[in-house]
Amino acid sequence: MKTVRLNDILNGPHDVRGQTWNSRRLLLADDNMGFSLHDTLIHAGTATELWYRHHLEAVYCIEGRGSVEVVTGEVIPIVAGTLYALDKHDEHVLRAETEMRMVCVFNPPVSGAEVHDETGAYPGPVGEGT
Ligand code: 9YT
């Protein structure tokens, strides 16, 4: 069994910062679980365009409030206890009214160093097309 404590990974290589978020990656591809698991902070007052073409992602809000808008224009409010699952690789805009703390699960797992490209995606596994 493996144990990871958030405090032990803070400010290390698994503590990754984007412009609007800070992703603390507790489980990554190398852990061979078939998914990665992140404790992610989304900064207050931000809007982030995202489109994970190569990954499925489930996001469970445990603190804060905001919304997620999908390409159809539907806006889903987010409060603590809300989960959204991008089961169709949905293009979306994530807005944080207050800082939001999200538990994020990615399938396939991310390797740890990914940042979003200009389309809001993470790169796919090596050898995979778009
Ligand atoms: C919720 C979301 O997608 N935020 C962007 C960062 C990403 N979830 C990550 O790498 O944890």
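Visitor: Why is N32 called exposed in this model?

Guide: The model is predicted. N32 has 68% relative accessibility. Exposed means over 50%. N32 therefore counts as exposed. N32 lies in the loop between strand 2 (21–27) and strand 3 (36–42).

Visitor: What is the phi of N32, given that it is not a glycine?

Guide: Phi of N32 is positive, about 55°.

Visitor: Why does H89 count as partly exposed?

Guide: Its relative accessibility is 29%. Buried needs under 20%, and exposed needs over 50%. The value for H89 falls in between, so H89 is partly exposed. H89 sits in the loop between strand 8 and strand 9. Its phi is also positive, near 55°, and H89 is not a glycine.

Visitor: Why is the pair of Y52 and F106 called edge-to-face?

Guide: A pair of aromatic rings is described by the distance of the centres and the angle of the planes. For Y52 and F106 the centres are 5.0 Å apart. The cut-off for a pair is within 6.5 Å. The planes stand at 90°. Over 60 degrees counts as edge-to-face, so that is the label for Y52 and F106.

Visitor: How many aromatic pairs does this rule give?

Guide: The count is one.

Visitor: What makes this pair a tie between separate parts of the chain?

Guide: Y52 lies in the loop between strand 4 and strand 5 (56–63). F106 lies in strand 10 (residues 100–107).

Visitor: Which strands make up the open sheet, and in what order?

Guide: Four strands form it, in the order 4-9-6-7, with antiparallel pairing.

Visitor: What makes strand 4 and strand 7 edge strands?

Guide: Strand 4 (47–50) and strand 7 (75–79) each pair on one side only. Neighbouring strands of the sheet are turned by 20° against each other on average, direction ignored.

Visitor: Which residues form the nonpolar patch on the surface?

Guide: Y60, I62 and L83 form it. Together they have about 260 Å² of accessible area. L83 belongs to strand 8 (residues 83–86).

Visitor: Where is the cis peptide bond?

Guide: It joins N107 and P108, with omega about -5°. P108 lies in the segment after strand 10.

Definitions and conventions:
Residues are numbered from 1 along each chain as its sequence is written. This is a predicted model: local features need pLDDT of at least 70, side-chain atom pairs count only at pLDDT 80 or more; totals for chains, interfaces and linings use all residues. Side-chain values use heavy atoms; hydrogens and water are left out. Two strands pair if DSSP finds at least two bridges between them. Helices (H or I, at least four residues) and strands (E, at least two) are DSSP runs, numbered from the N terminus. Axes are lines fitted to C-alpha atoms, for helices over the stretch in contact, and angles run from 0 to 180 degrees between N-to-C directions. Patches are made of residues with over 30% relative accessible area and no salt bridge: like charges are joined within 9 Å, nonpolar side chains (Val, Leu, Ile, Met, Phe, Trp, Tyr) within 5 Å. Accessible areas come from the Shrake-Rupley method with a 1.4 Å probe; for residues, only the protein chains shown count as cover. A salt bridge is a side-chain nitrogen of Lys or Arg within 4 Å of a carboxyl oxygen of Asp or Glu. Rings of Phe, Tyr and Trp (its six-membered ring) pair if their centres lie within 6.5 Å; planes under 30 degrees apart count as stacked, over 60 as edge-to-face and the rest as tilted. Buried means under 20% relative accessible area, exposed over 50%, partly exposed in between (1.4 Å probe, protein chains only).
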